Structure formats: C-alpha cells, structure tokens
Amino acid sequence: METIRNWLLPALLATGQLAWLWPGAGLAGEEMPGAAAVVAVLGALVVETAALGRRRQEPVRALAWSLGTLLLGQLVWEDGYFGVGAPIALYSVAVRRPVPVTVRAVAAAVGVEWLLSLLLVGVRPALASEWVLGALLYVVCAGLGEARRQWLKGRSLATRLLAGAEEARRRAGETERRRLTRELHDVSAHHLTSVVITVDAARRLGDSRPELTAEALSFAERTGTETLTALQRLVGLLRDADRPAPPPMTARIEELIAGFGRLGRPIDAVLPDDLAGPAAEAVHGIVREALTNALRHAPGSAAHVSVRRGEGVLELSVDNAPPRGSAPDGVGVGAVDGLGSGRGVAGMRERAAAVGGELTAGPAPGGGWRVRATLPDVTGPWGPPEGAGRRDVLRDQRLADPALVCTATLFPLVFALITAEEWTGASLRAAVPGLLVVAMLLTAHALPLLWRRRAPWQALLGVLATSWLWPAAVAGAGLPSRVFVFFAGGALAELLAVYAVAVYGRGATRTWPAWCAATVSLSGTLVATAGADGALSGEESMWPTAVVMSVPLAMVLGALFAGLWGAGLAVRRRRLRILALDDFALAGALWHAERAADAERHRLAAKLRDAVLHLTAALVEQARQGRLEAVAAEARSALAAMRELLHSLGESEDPGPGLAPAPTAADLDTLCRTVRATGRDVTLRGLPEAARELPPDVALSAYRIVEAALGAGDRGPARVTLRRRRDTLRVTVSGVPLAVTGPVAERLKVRAGTGAGRITLEQAGVVRALLSTRPGPAPVREVLPASPASVTAGWWPPRRPRP
C-alpha cells in the first residue's frame, strides 16, 4: 500500500505527459518538437518520475531533481512540458522537513522559476507577472505543506500521548510497585535501621553509660511510632504520596540532618534557604538514603552535606569520611552489616532520574564514600514553563500564515501586472508608481491575516477596515478604473478571514455575524470604489444606481461568505470530534492505569499488614515497657521482614506460574484480525511458514514488534510481511508512520535487541526487523541514527547469558 501511494501520482503525471506528447499536442494543433527535443523530454520525464517516487523518503533530493528536469524540459519544449513535479516535491518538503529547510527550498524553487522565466520571456513587462505567478505557486504549495505538517504533528502528538497512556496502563502495576518499594525503603527501612543501631550501641555501652538505655528506649518508641504511622499511611492507600510537599523544603532537610546528628555523628551542611519543588523532594530522599548508608557502614564518621545552585541546576554532594580503624575498602570495623535491602544506590538514582537528573556514588579519593547528584532547579510542579507550549505552537506556524498573506497579496497583483501597459496607457515607467500603490494597499489589506489563529475576530475587523482604503486611494491618488477589478481579486483576504473566524473563533454558534459583516463591508467597498473611479459618473443618478448595484452584489457575496463560513464550521466540528475521541481514549487509559495502581496498592497493603505492621507495633510496645533486649529482637525481625518484602516486590516483576502464556509469531493472525475488527485494513503475509519452529525469544520479539507498530495509532491501511531465510526472520510492517518516532520507536528498538537482531525505521512509515533464529547467544544490534531518511543498527558485543 505504501508503494502504491508513493508511485501512483508520479505514474499518473507521466501518463498525462506522454499522452500530450503523442497524440495530444498534434490533435490540438501544437507544434511538435524535434527528435532531440523528444529524447530530452523523455529523459526529463523519467528522472522526474523517479524523483517523485522517492519524495516521501528524500523530499529535498526529489525537489532538486525536479527543478533540474523543469529547466531541461521547459527549455527544449516550452509549451509542451508540464513540469509539475517541482511544486509537488516542494509540498513534500514542507510536510516532512522543518521550517528553515522549507524556506530554503522555496527560495531555491523561486530562483529556478525566475531564471527560467528570464530565459524564456526576456526583459519586458510580462516578466514581472511571470515572476509573481511563479512565486505565488511555490509559496502556496509550501503553505499548504506547512499546514499539513502542523496537522500531522498535532495528530502525532495526540497519538503519542495516547500510546504513552496505554503504556502507562500496561505498566501501572509495576510502576506503582516500584514507587511504593522506594517509599518503604526510604521511610521504614531508614527508621528501623536507626533503631537497630541505636539499641545495639546502648546494649554494648550499657555498663559504662547506663543513661544510653533510657535514651535508646525513648528513641525506639518515637521512631517506631513514626514508622508505624508511615506504614499505616501506605496501608490506608493515600494516593497523594508522590506529590511534592509544599515549599519550602529546606527546613525539613535541616531537621533530617539534625536527626542524624543526634545519633552521635558530626554533620555539617550548606543549604540554600528556598529549596522547593520536585528537585527539593529528591534532595531530601537522597540525603536521607546517603546518611542512612553512612550510618550502616561507617558509624561515627563525619559527614558533609552540600547543596549549591548552578546555572539552572542543583548540585548535591554527600561525603562521609571513613571511620577510625576502617578496612581498606572504606567499611569500618564497627559497621553494622546485613541491615540493608540492597537498593540504596539504585533508589537514589531512581529519585534523581525521576526529576530529570543524574547521580553517581562511589569511593571518595581520600577514603570514605561520596554521593553526587545534579538535579534541574525547577520550583513548583514538574513540567515546562507556563506558556512554553503556546509559544512553540505560534513559532511552528510561522510559514503557513505568511503564505496566506502572500497569496492574498500577490494573487490580485497579478491582474495589475498582466495589464500594466493597458492600465496606464503609457510606458512601464509611468505604471510603476501606480503599481507600488496597489502593492502597498494589497499588503495592508492582507497583513491582518497573520493573526487569524490567535485573534480571528480582530483579524477580520482589520481586513474589513483596510478594505476602505481602496475608495479613498482611488479618489485621492487618482488611480484608474482598473483598480475595481484588482480589488475584486483582493476579496480573497475577506474570504480567508471569515473562514478563520468560523474555525478558530470562540463559540461556534456566535460566529455567524462574521459573514454578514463581511458581506455588507465588501459590497459597500466595491460600490464605493466603482463610484470613486468614475464607473458610475455617467449615470443620471449615481446614488440610486449604487443602491441597485449593491443589492444583487450583496446577495452573491452573502451566499459565498455563508458557504465558506459553513465549511469552516464543518472543519471545526470535525477537529473537535477528533480531539474528543482522543480525550476519551486518553481518559479511559488513565482510568484503567489508576485501577491497576489501586490493585497493586491493595496487594501491597495486605503484605504490609501480614509481614511488617504487627512487628513494628510490637517494637513500640516493647519500648514502652522498657525491654531493651526485646526491642532489639523486634527491630531486627521487622527490618528482616521489610528486607524480605522489598526483595519479593523486586522479584515480582517476573511472570509467575499460572499466568497466560506469552504470545508468539503464530498469534499474529489473531492480532491482525483484532485490528481489522476496529475498521483498519491490515494484510498479513508469510504465516504460518515463517513462524514454524522459531526460538521462543524470537517468536515473542516478532509478535511484540508487530504489536507495537500496529498499536502506534495510525488509521490507514497496513501490511505485515514475514519471511524466513536460513538463520534469519525478516519482519516488515508498512503503513505505520507514527511507529518510527517517539516512544513507540524506542520500544521497537528494545524488542529488536531482545530478539538478537536489528531494526530499521524509515520515515515513510516502514518498520523492518531482522531477527536471528540461531540458537544460543547471538550478537545484538542497537539502533543508531544513520541518515535523515532511516534509522539503522550497529553490532553490540555478544550478550552474556543470565545465570
């Protein structure tokens, strides 16, 4: 299907050109070119057809070849060579390339067109009209392509959001499990570790310092109560646990550091006074985890916490010195081993990555341990600055709206240039001042269209107001009667302004006055212009004649404006319907994701109640009764249960027994039938021969690649092809342009890697995967960008098999 889309239009154009070459030109009485010219035309036609066939994959190169063939064909057969490939290729450039590339392409195309006109027409008045027509043609094509690119960009963004929501729905349980695991590790494990270390110190030093026993029991009761409260908060399924605390956070971080200082270690800190937002939350969690690790492995050692502001970032460092009598690896002799869950550094990295930062941890040069993190300095909710999206949208529309202004300006100006000599009745030099006035009036009349999206009503009022400059200019500057005809062509600005009000104006039912106002204003302006240039001066009574003229003129213009207004409303309703469907699908995916997260929270709450909660309650009770030995035993039991629970949560990512078997390539037929049931045309070729006796990992990867490509959100027809050759399986999915960029493309790369193969993503919407079917470890290829037209892969070293 993609091949047909690429080559159908070039084939039709080539067929039309050949039909005109023979017998069309002869039948029409046109002069036939010579043999050499026919050969040149056929060569140019072949090159142009081949270039247009690749316009979606290589639009800039297709435009370059099309411009070359345009020059050749027009020079050898001016009246017979169509040369429509250049505007089509420019449209493809505008659709598939950014605005700067499109602007340069327009400049190149207009330059070639002007050069060709100069060679064919020569330096005479008709050259100006040829130049304006050529520029107008390419500007319109670029504007249409830019508008199409913006629409596709919006659809692609909506599809990616929906794909991200679907992915979040599929991974909601795992994501919630990881979040709650981090919460358990950061809160409960930290508190329980502090209790174990404090109670053990009081037991060892009880004979020499008996006052430590009372302090340890008090600390155990207070900390156990805090842990119990945190666990009950999780069991109570409070859903706002991940939202950042209200600013400022500096006081909470200082209180945390002071709490560690009360455990007997010297800690100094340097913190800004106004830490807030997600980055401050991450700082709090990283500092807590880093100091907890230092408490476990280097008790009594000094520590330093520093948070400094850079250019838009927070630079966090936590350094602790090695304890006296430490071993060469930096772990002190008095370190308490076996208390950690093994997720300390990983949890800190997750916290940093969650806000877009990075973290490193390792031995310090002078001994001890160092944790460094770089976090974005963003206060308030995590996300782009307010208004950034609006500015991006306006910046991306910098070509479509100027193209409309140029069209509304140049189109009526063509009439003036074509009849310049007749209009003035003198030489071209005498016509230049009048042409300049006309150009200025047309530009002022079309300029408000630049604001037609942001302020459609203001744009319409600006167009209507500037239209009354015409009768004033005709009466004051003495412009001849041809201005009436030129202004009739300038009504395009009014049409575009009314359409913009219908599409972008607030309240669809309240936009009807737009076409009424445009009808009254334009009919009145045209009649006034006709009266000012003398067209009505021969009538016996000018005003009755003007009234009689304005009535049928208003009826014609009213029907035209009303029809265009209705078309704008239809486009508006269609767009709103599409957006509503997107919102409904997105809300549904988010709802299912929340339900999956709820189920995971309920499951974890049950595990907490059964494994940890009663042990923590027993710890608090033993501390209140003053039983130090029992407190130590309960704290270690609770910490061990917590550690076992954390490990079980980490291992639960693997599929357990009793789950549905993983899909394979043989299930692709069922997948395609399911997609076809939604109304999409999907063709599958190559089954069942290609799927026979595939290794399990390759069969799963093939299925997941096709599933991800078809689920990217495209609506058009698609084709899936499987081919088995020797030790490889080729999977090709065409008709999926939304699958070659964004998160879907990343998932495809990962799937190809797990299947020991390579993948190519073409911008035309084709996914090609090559999977190795050889048994045992095989080389894996990673997808790397190789050219603007495609994404290819480079070999990795062989992967080590998991134990």
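This is a predicted model: local features need pLDDT of at least 70, side-chain atom pairs count only at pLDDT 80 or more; totals for chains, interfaces and linings use all residues.

Reader: Ok, let's do salt bridges. How many does the structure hold?

Author: It holds 10 salt bridges. A salt bridge here is a side-chain nitrogen of Lys or Arg within 4 Å of a carboxyl oxygen of Asp or Glu.

Reader: Why would side chains pair up at all?

Author: Side chains of opposite charge can pair when their charged atoms come close.

Reader: Which residue does Arg673 bridge to?

Author: Arg673 pairs with Asp669, and their closest N and O atoms are 2.6 Å apart. Both sit in helix α23, four residues apart, which is about one turn of the helix.

Reader: What about Arg149 and Glu146, how far apart are they in helix α6?

Author: They are three residues apart in helix α6 (residues 126-170), so about one helical turn separates them.

Reader: Which residue does Arg252 pair with?

Author: Arg252 forms a salt bridge with Glu281, with the closest N and O atoms 3.4 Å apart. That pair links distant parts of the chain, since Arg252 is in helix α9 (residues 250-261) and Glu281 in helix α10 (residues 277-297), 29 residues apart. There's also a network of salt bridges that links Arg54, Glu58 and Arg61.

Reader: New topic. How many residues are in the largest nonpolar core?

Author: The largest nonpolar core has 37 residues, and Leu710, Leu729, Val733, Leu748 and Val767 have the most contacts inside it. Elements giving two or more residues to this core include α23 (668-677), α24 (696-710) and β8 (728-734). The largest share, nine residues, comes from α24. A nonpolar core, by the way, is a set of buried Ala, Val, Leu, Ile, Met, Phe, Trp, Tyr and Cys residues joined through side-chain atoms within 4.5 Å.

Reader: Now the surface. Which residues make the nonpolar patch?

Author: Leu72, Leu75, Val76, Leu115 and Leu119 make a nonpolar surface patch of about 420 Å². Patches are made of residues with over 30% relative accessible area and no salt bridge: like charges are joined within 9 Å, nonpolar side chains (Val, Leu, Ile, Met, Phe, Trp, Tyr) within 5 Å. Accessible areas come from the Shrake-Rupley method with a 1.4 Å probe, and for residues only the protein chains shown count as cover.

Reader: Which element gives the most to the nonpolar patch?

Author: That's α3, with three residues. Val76 is in helix α3 and counts as partly exposed because its relative accessibility is 31%.

Reader: Which residues gather in the patch of positive charge?

Author: Arg685, Arg723, Arg725, Arg730 and Arg758 gather there on the surface. Arg685 lies in strand β6 (residues 682-685). A negative surface patch is formed by Glu30, Glu31, Glu78, Asp79 and Glu130, and Glu30 lies in the loop between α1 (2-27) and α2 (35-53). Lys and Arg count as positive and Asp and Glu as negative, while His and the chain ends are not counted. The place of a charge is taken as NZ of Lys, CZ of Arg, CG of Asp or CD of Glu.

Reader: Last one: what is the peptide bond from Leu687 to Pro688 like?

Author: That bond is cis, with omega near 0°. Pro688 lies in the loop between β6 and α24, and Glu693 is placed in the loop between β6 and α24 too. Glu693 has a phi near 55°, a positive value in a residue other than glycine. The peptide bond from Trp22 to Pro23 is cis, with omega near 10°, and Pro23 lies in helix α1.

Key:
Residues are numbered from 1 along each chain as its sequence is written. Side-chain values use heavy atoms; hydrogens and water are left out. Buried means under 20% relative accessible area, exposed over 50%, partly exposed in between (1.4 Å probe, protein chains only).
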